[in-house]
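Here are my notes on this one, point by point. Have the model open while you read.

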Amino acid sequence: MCLGIPGKVIEIRDEGGLAMGRVDFGGVRKEACLAYVPEARVGDYVIIHVGFAISMVDEEEALRTLELFDQMGDLVQQELATMGPGMTAPAVVDIGPARSPDATT
Amino acid sequence: MSGMPPDRAAADPIAATCPAPLEERQRVLLGHGSGGQLSAALMRDVIAPALGAASPGGPLNDAALVDVEGHRLAFTTDSFVVSPLVFPGGDIGELAVNGTVNDLAMMGARPVAISLAYVIEEGLPFDELRAITESVARAAIAAGVRVVTGDTKVVGRGAADRLFVNTAGIGIVPDGVSLGADRAIPGDVVLLSGPIGLHGVAIMSVREGLEFEVEIASDTQPLHRLASAVLAVAPDAHVLRDPTRGGLASAVNEIAAASGVGIELDEDAIPVPGPVRAACEMLGLDPLHVANEGKCLAILPAARAGAALAAMRALPEGDGAAVVGRVVGDHPGMVTVRTIVGSERIVDMLVGEQLPRIC
Amino acid sequence: MKYVDEYRDAAKAKALVREIRRITTRPWTMMEVCGGQTHTIVKQGIDEMLPEGVRMIHGPGCPVCVTPLEQVDKALAIAADPNVIFASYGDMLRVPGSTTDLLSLKARGADVRIVYSPLDAVRIAREHPERQVVFFAIGFETTAPANAMAVWQAAREGIDNFSVLVSHVLVPPAMEAILASPSNQVQSFLAAGHVCAVMGWTEYEPIAAKYHVPIVVTGFEPLDLLEGMLMAIRQLEQGRAEVENQYARAVRREGNRAAQETIFRVFDIGDRTWRGIGQIPASGYHLKEAFARFDAERRFDVGDIATKEHPACISGEILQGTRTPLDCTAYGVLCSPQRPLGAPMVSSEGTCAAYHGAGRGLRPAARPLTVLAGTATASPPVTAP
């Protein structure tokens, strides 16, 4: 659970006391209930599940996560770049036989 | 732990008697018409055995080749039950003509003539019937075929979903052309003439209860010019197929099974328009299983791939054509796809009807 | 698609996998409790990218799979009534009850309709005052705000021909039940991102502390899942047991207050039976007494339901993660997506359907699946478990 996809709010209106709107998902537009994101404005991104916005998308957090991935990628690139011929990239340490699942650190 | 399943023979024989009432397994379901595994099962388990010796058997192709005193005729039939009758990008009339022309074209045939039969539900307005028939006319002229015979029946209210259309078509297959679903061989390249999922999403967008706005139209179009252009540069092509119901995945699986080969696709090479992806994300559907109506798969020797691709792209019908995979000797009958993140998985035929999901 | 495509980048996926391998020094067992996450993991082969010894158990995260057999049978009894329009999310149509399923009923003439949103069911009721409209309100906490709003709207507008058959289940009690079980092997959880978007993550803090398991609130795209796994493994390697949030772009600690308010205006917490697992106390939502008139179970006399699971189906153990579909004698033989014997084969999120769709265990692998195309390491290819 649960199919929730991000979409951009393009229209907000009141329908008999319920905040409704139109949301654009990269070329597909559909009605959605915006009652649970009262702070949403046109242009904001929200997560839609079964025709309801259940959360706003925090752009800053989204960018921060992506930057982290980028940095990680750069680190790997650097490692690979410093490897000479004949070296292999870091492999996983040999784990050995499976330990008891109850074992703590 | 090995990948082999436990010994099937040890399965409890009592459990083999399914407690679900047999009648549930003995009725036709909507899913039997989706073009996926259920449709194949209906053909294999009910229809083909009942036809028995009256049918020549052999692989299921888009059209049959019939030898008539030295000439090879392609002969095909199709029924169209789409609802709504009119959808973004076309209507049932246009769909019917193009669908039949394409079945002929996929066997390498030059389409010659088609028949047109209507089963009309009482109450259908004349204007609608006229508009659809005018679409048939336009599509036939565009495809260079004549509607040479037909039939009309009317049934009571409720007995047909407004209008059902059946068409049959004949065409002539030139010498030297030998296409068939069972002809793919390892080493062949898989080409696709353009982006997938357009027809299915266009239909779904106007489906009652779902309705969404999308700037997509059905891709229904005749493919006989595209087919000839490919055959002109690759007369030794092995398979041509237009993926329709069941999507790209079902068509490729059918070919892999008929030819006894494996097929590998590259997910990021398969053209999927943004709005199709968005609609599929929204509904939880796989674009590989969504219906098409104007796309052509071509499986041909690697040496011909470049020329065939160029031939496709030179035509508007081939806008967006791409190499999407290859035929291999591994895992015969199975289709795998290399995913965007770099892993590999098996892609199966569509099971039944595609149902939107929330999970 | 914005906020989707960026989280499917192949190069970044490789970077995350390398980092996971770099920090993993011993075997770990993790569980994701969300069908959507299971679906992505199996479909994208993410669990096969993990280092040898790191295992993902697929938890009971598919509300379709855990909807009690009794509720499915009640749905079927109600849908068979010629005066009823039975509205449901698409997922439930193929779930086998004791004798049949909604799709088969539809084939025999029952008015069963798929809806995208619960408000669509209310609309159908508004447009057909002469019929009874019943909506199958299933789901985890994610879907509860939507289902609650449907009841709330119907009450406000006085749409008396509308009722709901409720079968909501809650995640935290299920996690506790798994952790408390003597056969538990799970050392860390990926919590369901959208459940937490609604409910926040405060409920998980006592669980992490009591059982000393790291819990990472995780999203649904491949990069989200890999990052969530990385964060969980990092905690495991460091001996920490905290609740962390990977899905920061959509989840806040307190969750969505407005949604929670509506949920608790309409629903009470109560006991629920989970198909294949059994009763878990305080693990579901039931309609509050104030909305009892919208309860389809009271409106329709569905009589005594005698439920019967297929004897070969081991869905209980699958859902608890103690066995995999490969251990099931019916898997791929008697039981397949076309002819499912149990719920995990029906929903595309269900573990069995996910395995079957990816071809696992159905045919011997012709060659070991390459873990990651272009990987420079010499690690052995990981075959399907």
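1. Start with a term: a nonpolar core here is a set of buried Ala, Val, Leu, Ile, Met, Phe, Trp, Tyr and Cys residues joined through C-beta atoms within 7 Å. Buried means that 20 or more other C-beta atoms lie within 10 Å of a residue's own; with 12 or fewer it is exposed, in between it is partly exposed, and the C-beta atoms are placed from the backbone.

2. Some housekeeping. This is a predicted model, with local features needing pLDDT of at least 70 and side-chain atom pairs counting only at pLDDT 80 or more, while totals for chains, interfaces and linings use all residues. Residues are numbered from 1 along each chain as its sequence is written, and chains are lettered from A and ligands numbered from 1 in the order in which they are written.

3. Now the core itself. The largest one holds 255 residues, and B:Ala279 and C:Ala191 touch the most other members. Helix H11 (residues 222–238) of chain C is its top contributor, giving 9 residues. (Helices, H or I with at least four residues, and strands, E with at least two, are DSSP runs numbered from the N terminus.) Domain 1 (61–173) and domain 2 (189–346) of chain B each supply at least three residues to this core; those bounds come from an automatic or database domain assignment.

4. What does B:Ala279 touch? Leaving out residues up to four places away in sequence, its partners are A:Val28, B:Val201, B:Met204, B:Phe212 and B:Val214. A contact here means that the C-beta atoms of two residues, placed from the backbone, lie within 7 Å.

5. Chain B overall: 8 helices and 15 strands. Its radius of gyration is 21 Å, close to the 21 Å from the globule rule for 359 residues, so chain B is as compact as a globular protein of that length. (The radius is taken over C-alpha atoms, and the rule is 2.2 Å times the number of residues to the power 0.38.) The C-alpha atoms fill a box of roughly 65 × 55 × 50 Å along the principal axes. Buried residues make up 49% of chain B, and of its contacts between residues at least 6 apart in sequence, 84% join residues at least 24 apart.

6. Chain C has 15 helices and 11 strands. A compact globule of 385 residues would have a radius of gyration near 21 Å, and the 21 Å of chain C agrees. Its C-alpha trace spans about 70 × 45 × 45 Å along the principal axes, and 63% of its residues count as buried.

7. Take a look at helix H6 (residues 247–259) of chain B. At 1.5 Å a residue (times one less than the number of residues), its 13 residues should span 18 Å, and the end C-alpha atoms are 19 Å apart, which agrees. Is H6(B) enclosed or open? It is largely enclosed by the rest of the structure, because 11 of the 13 residues are buried. The buried ones pack against strands E10 (239–241), E11 (262–266), E12 (297–300) and E14 (335–338) of chain B. After H6(B) comes B:Gly260, with a positive phi near 65°.

8. Two backbone angles to check. B:Glu69 is not a glycine, yet has a positive phi of about 45°; it lies in the loop between strands E1 (64–68) and E2 (71–80) of chain B. B:Glu69 counts as exposed, because it has 4 C-beta neighbours inside 10 Å. C:Tyr3, also not a glycine, has a positive phi near 65° and is found in the segment before helix H1 (10–23) of chain C. C:Tyr3 is buried, with 21 other C-beta atoms within 10 Å.
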